[in-house]
Amino acid sequence: MYYLAQGYEDAGTSSSLLTQHIPRIISELLNTTERTDGSDFKLRTSAYETLNEVVRSSNVVETSLIILELLKSILHKLGQTFELQIVSSDDREKQGDLQASLCAVIQVTIQKLGSTEETKPSILQAADQ
């Protein structure tokens with residue numbers, strides 16, 4: 001999926017064949033990040049990296065509402081990471097890795113939503129919630 005999305009990165013304002021599938025792709029990638037075996041083989045990290053690529057390659061005009069919902073979801077998940085119980089250095093490392101992945105998604109979504117005048121105000125809307 002990562003490489004498929006990457007193939008559409010230079011499409012610009014052209015509609016992507018992936019656009020109609022982006023809600024399902026994002027949903028499945030988020031489900032993957034929640035798997036209990038997510039730390040095995042860096043599955044969770046790979047899912048977040050793929051999510052970044054899907055957002056990066058999406059047509060912002062066609063997907064801005066979907067990306068905005070993703071931003072809200074990721075901000076919520078980031079907030080939850082500060083409530084994780086930390087009892088060992090391994091827990092602290094996992095928390096840091098998760099926060100880094102979530103911050104990367106936030107950065108990509110803000111860059112995407114900030115790329116057009118029509119979608120820039122939606123960033124403030126998400127930040128206010």
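A: Helices here are DSSP runs of H or I with at least four residues, and strands are runs of E with at least two, numbered from the N terminus. The model is predicted, so local features need pLDDT of at least 70 and side-chain atom pairs count only at pLDDT 80 or more, while totals for chains, interfaces and linings use all residues. Residues are numbered from 1 along each chain as its sequence is written, and side-chain values use heavy atoms, with hydrogens and water left out.

Helix α4 covers residues 60–81 and bends by about 35° at Ile66; the bend is the angle between axes fitted to the seven residues ending there and the seven starting there. At the start of α4, the backbone nitrogen of Val61 lies within 3.0 Å of a side-chain oxygen of Asn59.

Among the buried residues of α4 are Ile67, Leu70, Leu71, Ile74 and Leu78, where buried means under 20% relative accessible area, exposed over 50% and partly exposed in between (1.4 Å probe, protein chains only). The buried residues of α4 pack against α2 (22–33), α3, α5 (89–113) and α6 (120–127).

The largest nonpolar core has 24 residues, of which Ile26, Leu51, Leu70 and Ile74 touch the most other members. Such a core is a set of buried Ala, Val, Leu, Ile, Met, Phe, Trp, Tyr and Cys residues joined through side-chain atoms within 4.5 Å. Two or more residues of this core come from each of α2, α3, α4, α5 and α6, and α4 gives the most, with six residues.

Helix α3 (residues 43–57) has 15 residues, and its buried residues include Tyr48, Leu51, Val54 and Val55. Not counting residues up to four places away in sequence, Leu51 touches Ile26, Leu29, Leu30, Leu70 and Val105; contact means heavy atoms within 4.5 Å.

Helix α5 holds Ile106, which counts as buried at 11% relative accessibility. Leaving aside neighbours within four places in sequence, Ile106 is in contact with Leu71, Ile74, Leu75 and Leu78. Ile106 and Leu78 are 28 residues apart in sequence and 9.5 Å apart in space, C-alpha to C-alpha.

Gln95 is also found in helix α5 and is buried, with a relative accessible area of 8%. With neighbours within four places in sequence left aside, the contacts of Gln95 are Thr81, Phe82, Leu84 and Ile86.

Methods
The expected span of a helix is 1.5 Å times one less than its number of residues. A polar contact is a pair of N or O atoms within 3.5 Å; within protein, one must be able to donate a hydrogen and the other to accept it, and residues adjacent in sequence count only if both atoms are side-chain atoms.
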